[in-house]
Amino acid sequence: MIHVFKCEKCNKTYEEYIRISEPITSKCPSCKKSAKKIFGFYGIKIGETWPQYNVQADKTFDSRHQEDSYFESIGAVKV
Ligand SMILES: [Zn+2]
């Protein structure tokens, strides 16, 4: 499972794969201080940028909100 950690000392944010059976702890790769978990699930995209082209809609959207509105307006379930 991919976890996202943030080092409280140098503010570095990084991802690390940790097995479900293992404790969710991590050490900052830069300064070796223990880092704090900030996200612990799939689906978070770091550095998501807009505008973004959507293949299903064959359109380019300026924001996540605009994309959601479009799919809502056509009554589609976004995948
Ligand atoms: Zn650090």
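User: In this predicted model, what share of contacts between residues at least 6 apart in sequence join residues at least 24 apart?

Analyst: The model is predicted. The contacts considered are those in the protein between residues at least 6 apart in sequence. Of these, the part joining residues at least 24 apart is 28%.

User: In what order do the elements of the protein run from the N terminus on?

Analyst: The protein has five strands and one helix. Read from the N terminus on, the order is β-β-β-β-β-α.

User: How do strands E1 and E2 pair, parallel or antiparallel?

Analyst: E1 covers residues 2-7, and E2 covers 13-17. The two form a hairpin with five residues between them, and asparagine 11 in the turn has a positive phi of about 65°. Phenylalanine 5 stands opposite tyrosine 14 in E2. Over five bridges, the sense of the E1 and E2 pairing is antiparallel.

User: Does lysine 33 count as buried, partly exposed or exposed, and why?

Analyst: Lysine 33 lies in the loop between strand E2 (13-17) and strand E3 (35-39). A residue is buried at 20 or more C-beta neighbours within 10 Å and exposed at 12 or fewer. Lysine 33 has 13 inside 10 Å, so its class is partly exposed.

User: Which residues does lysine 33 touch, not counting those up to four places away in sequence?

Analyst: Lysine 33 and glutamate 8 are 25 residues apart in sequence, with their C-alpha atoms 8.1 Å apart in space. Leaving out residues up to four places away in sequence, the residues touched by lysine 33 are Cys7, Lys9, Lys27 and Cys28.

User: What percentage of the residues of the protein count as buried?

Analyst: The protein has 79 residues.

Methods: Residues are numbered from 1 along each chain as its sequence is written. This is a predicted model: local features need pLDDT of at least 70, side-chain atom pairs count only at pLDDT 80 or more; totals for chains, interfaces and linings use all residues. Helices (H or I, at least four residues) and strands (E, at least two) are DSSP runs, numbered from the N terminus. Two residues are in contact if their C-beta atoms, placed from the backbone, lie within 7 Å. Two strands pair if DSSP finds at least two bridges between them.
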